[in-house]
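Have the viewer open as you read.

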Amino acid sequence: MKKNIWVNLGFQAGALLVAMLVTTGILAAAGAPPFQAYWSMLKGAFGSWDSIVTILISWSPLLLTTAGVLITFSAGLWNIGVEGQMGVGAIFTTGMMLLLQDTSLPPALIIILGILAGIIGGALWAALAGALKVFGGVNEIFGGLGLNFVATALTIYLVFGPWARPGVASMSGTKPFERELWLPTLPGTSLSLWALGLSILAIAAVYLLLRGTHFGLRLKAVGKNPKAAFLLGVPTWQYSMFAFLLCGALAGLAGAIQVVGLRHNLLPNISNGYGFLGLLVAMLVNYQALWAAPVAFFFVALNTGSVQLQINYKMDSSFAGVLQSLLVLLVLLGEGARQRFLGTARKAEPSESEIRNKQVK
Amino acid sequence: MDVELRDIYKTFGAVRANVGITLRVPAGTIQGILGENGAGKSTLMKILSGFMRADSGGIILDGRPVSIHSPADAIRCGVGMLHQDPLDFPPMRVIDNFILGRKGGLLPGQAEAARDFKRLAEQFGFSLNPDSYVDALTVGERQQLEILRLLWLGARALIFDEPTTGISAAQKEKLFAALRLLAEQGKTILFVSHKLEDVEGLCHRVAVLRQGYLVGEAQPPYTTKNLVEMMFGKSISAGERNPCAGGGSTLILDNLSVEDYRLKVRDVSLDVCRGEVIGLAGMEGSGQGLFLRAVSGMVRTVGGRILAGGKDLTGKSYHAFKRNGVAFLPAARLEEGLVSGLNLTEHFVLSEPPDGFFINWEQGGALARERIAGFNVKGTPASTVESLSGGNQQRALLALLRDPLALLLLEHPTRGLDIESTIYIWSKLKERCKQGTSIIFMSSDLDEILQYSDRVLVFFSGRVTPPLDASMLKTDKLGQLIGGKGWDEFTTGKSA
């Protein structure tokens with residue numbers, strides 16, 4: 001078994017190396033001196049207090065969507081719809097805050113109710129994808145993808161329609177809320193420790209849920225073999241629905257935090273790709289919650305650092321996305337190659353009874 | 001076309017599916033291939049039709065050795081196979097299915113194909129509407145479509161795998177007429193079946209396979225006894241019985257009916273007493289699997305009642321059955337019984353009702369160690385189930401069962417296991433019986449049926465015998481029933 005672990009690590013390191021080589025090639029082809037570019041990315045990410053704060057600000061929604069996706073992945077569901085679930089969460093939060101902002105309720109309560117509304121909104125949107133899957137036989141990938149488009153359309157409609165900023169409706173979103181309805185932030189920054197704390201709490205909770213609870217174990221059983229899980233007494237479709245609901249709730253929380261903690265209004269691209277990035281993180285860590293937090297951190301650091309490329313070398317900042325996707329693809333490819341060339345552990349070693357049978361013969 | 005298989009060998013791991021099989025079939029012959037499940041019939045036919053490659057041996061068509069690597073190669077050489085489950089495309093039209101597989105340019109010659117289709121269909125008296133969709137057809141009609149398609153592609157030797165399963169009597173007549181016509185035209189027909197009557201009535205010659213060997217050939221007039229003996233071998237001794245200990249019934253079936261798309265099992269009544277073992281015999285797909293899943297609550301019944309553990313469970317879900325002490329162990333251990341990727345401890349934790357929100361891993365590990373020792377599983381609590389051998393997977397499945405159980409339903413409890421594991425599994429099962437659990441199991445191994453059952457139900461094409469006393473049952477009688485012979489004595493009353 002020990003040997004296998006080293007071989008696995010070898011393949012993963014190989015995948016990383018190839019990813020680095022390819023990105024170096026891309027940088028060179030784009031006319032940026034690769035090593036200076038890497039250095040400027042590193043400096044861009046960790047070179048100043050401001051950039052570290054920026055990383056922490058984006059870390060929190062990514063942690064939340066990753067946590068959600070880990071749950072649905074464990075249940076064997078490809079919940080592509082996280083992006084939309086996050087968007088609907090933001091819509092619900094905004095709606096609740098618009099409703100309550102002129103009442104005499106204390107601001108803290110309004111913020112809490114807004115966040116709760118966001119959680120419920122995300123969960124409902126996910127439940128829709130879940131119901132389509134469980135009762136309608138619609139594959140969750142198609143359901144999620146479709147609902148993503150609907151969520152985007154709904155956001156745009158609200159931003160330019162009923163909730164339009166008085167006078168000038170624009171892509172910059174609805175009219176920002178009063179300052180008292182903002183989540184408190186560290187002085188001089190937009191970093192909300194509340195948002196960060198909630199996200200870290202969420203990923204820790206998901207880690208515990210998947211590792212140490214009956215719910216998590218049953219969820220994994222459903223994900224790995226629904227037939228056997230059913231025969232062992234697990235109500236399978238209910239667990240699938242639960243997984244959707246929980247994932248949606250976390251995505252909704254991410255959306256809510258974007259509204260109350262960072263943007264303070266609803267804007268068309270409020271989910272900002274965190275849903276899809278969460279899927280990438282979950283795939284890269286092979287659905288192990290323990291690694292999700294550092295990898296998510298690394299991903300947002302790449303995002304932040306790559307802004308420097310734009311400034312220094314006039315490269316598009318989407319370069320970070322290229323690097324992230326390459327990493328995921330190549331790590332998955334490395335895993336495929338390992339299975340193909342080494343076979344599974346089972347074939348490598350004959351079972352005891354097989355050995356015994358041979359001796360008898 | 002003359003078809004010759006020469007010295008065919010094929011092994012799957014330790015299983016020897018075909019051992020030096022040599023068979024010559026001259027053109028214009030309807031050749032029956034007879035044998036019980038796992039005898040190697042399908043493997044041999046799949047080798048001939050290109051779905052598998054033999055480890056060694058050759059195929060000679062019209063005196064010329066050919067190498068067949070794929071079904072496409074086979075049809076190019078003139079060999080086509082009709083599978084038991086038709087390999088067609090239900091959401092597409094008949095004519096599209098017909099054209100599919102034909103080599104041609106970008107635009108298939110629709111008009112020409114339609115003309116050929118009509119001509120061929122008329123020749124055999126098949127009435128198929130080329131524009132209807134395949135999922136609206138019966139199994140028999142889908143077979144007809146497949147025959148026409150293969151002929152159009154130039155098949156001169158046709159393999160039929162259990163073609164009379166799931167089709168009506170009228171369609172069977174039509175099929176047989178078509179087969180005779182094909183033989184007259186000089187085509188070679190290989191007819192794979194376990195139905196003695198069909199084989200005896202249709203085939204010009206019969207080859208019998210058993211455990212991978214070609215054990216004999218026969219020509220008309222056939223004697224059923226001789227065929228059965230070749231199929232199943234000589235009779236075996238019976239094991240010890242658990243006579244009904246009294247103490248009431250664990251399962252009462254009252255005129256139970258269940259059906260799927262091709263089989264109907266009708267009006268089965270059965271009263272199983274505590275500690276009794278009921279064996280279900282029959283060729284694969286004769287209705288015993290459907291019956292077993294209906295009794296476990298996994299398949300909805302269409303009529304009658306199921307009472308288990310004193311409760312009427314008719315129409316209830318599998319989980320309701322499970323709560324009332326009914327357990328089901330599937331034959332596909334890794335596909336349906338165990339969760340690959342989870343270890344034994346995780347399985348034992350899963351199988352017990354949850355005791356709170358968090359898992360007590362220490363307690364789970366202790367449970368796992370205890371059961372692993374108790375059932376002699378070769379593995380550790382941290383072993384993933386897919387790393388276990390088949391016999392140990394089956395032991396693990398048995399170890400996962402909750403206590404107490406009223407009724408235990410098993411599909412092929414010892415399929416693929418070595419003798420040691422088989423004996424061990426049955427000793428554990430018999431232990432359960434002593435505690436009052438009744439067992440119903442299906443098996444294609446007649447020895448197993450006769451050795452461990454108290455009573456036996458035989459299935460044939462959805463028909464069921466009344467419960468037969470296993471101690472009075474002889475192998476040849478059982479073999480005949482499985483092959484569809486000797487059912488007349490049951491037709492006076494209701495079946496079972």
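Start at the boundary: between chain B and chain A there are eleven residue pairs in polar contact, both residues at pLDDT 80 or more. A polar contact here is a pair of N or O atoms within 3.5 Å; within protein, one must be able to donate a hydrogen and the other to accept it, and residues adjacent in sequence count only if both atoms are side-chain atoms. On chain B's side facing chain A, the elements giving two or more residues are helix 10 (318–323), helix 11 (333–337), helix 12 (344–351) and helix 14 (390–400). Helix 12 of chain B has the largest share, five residues.

A word on ground rules: this is a predicted model, so local features need pLDDT of at least 70 and side-chain atom pairs pLDDT 80 or more, while totals for chains, interfaces and linings use all residues. Residues are numbered from 1 along each chain as its sequence is written, chains are lettered from A and ligands numbered from 1 in the order written, and side-chain values use heavy atoms, leaving out hydrogens and water. Helices (H or I, at least four residues) and strands (E, at least two) are DSSP runs, numbered from the N terminus.

Back to the interface: 37 residues of chain B and 26 residues of chain A take part in the contact, meaning heavy atoms within 4.5 Å. The two chains bury about 2,700 Å² between them, 63% of it on carbon and sulfur atoms; that is accessible area (1.4 Å probe) lost on being put together, summed over both parts.

Now go inside chain B. Six strands make an open sheet with mixed pairing, in the order 6-7-8-3-9-10, where two strands pair if DSSP finds at least two bridges between them. Its edges are strand 6 (79–82) and strand 10 (213–218) of chain B. Strand 3 (residues 30–34) and strand 9 (residues 205–210) of chain B run parallel, joined by four bridges; I33(B) has A207(B) as its bridge partner in strand 9.

Chain B also has an open, antiparallel sheet of four strands, ordered 2-1-4-5. Strand 2 (15–25) and strand 5 (64–66) of chain B each have a single partner strand, so one side of each lacks a neighbour in the sheet. Five bridges link strand 1 (residues 3–12) to strand 4 (residues 56–61) of chain B, with V3(B) partnering L61(B).
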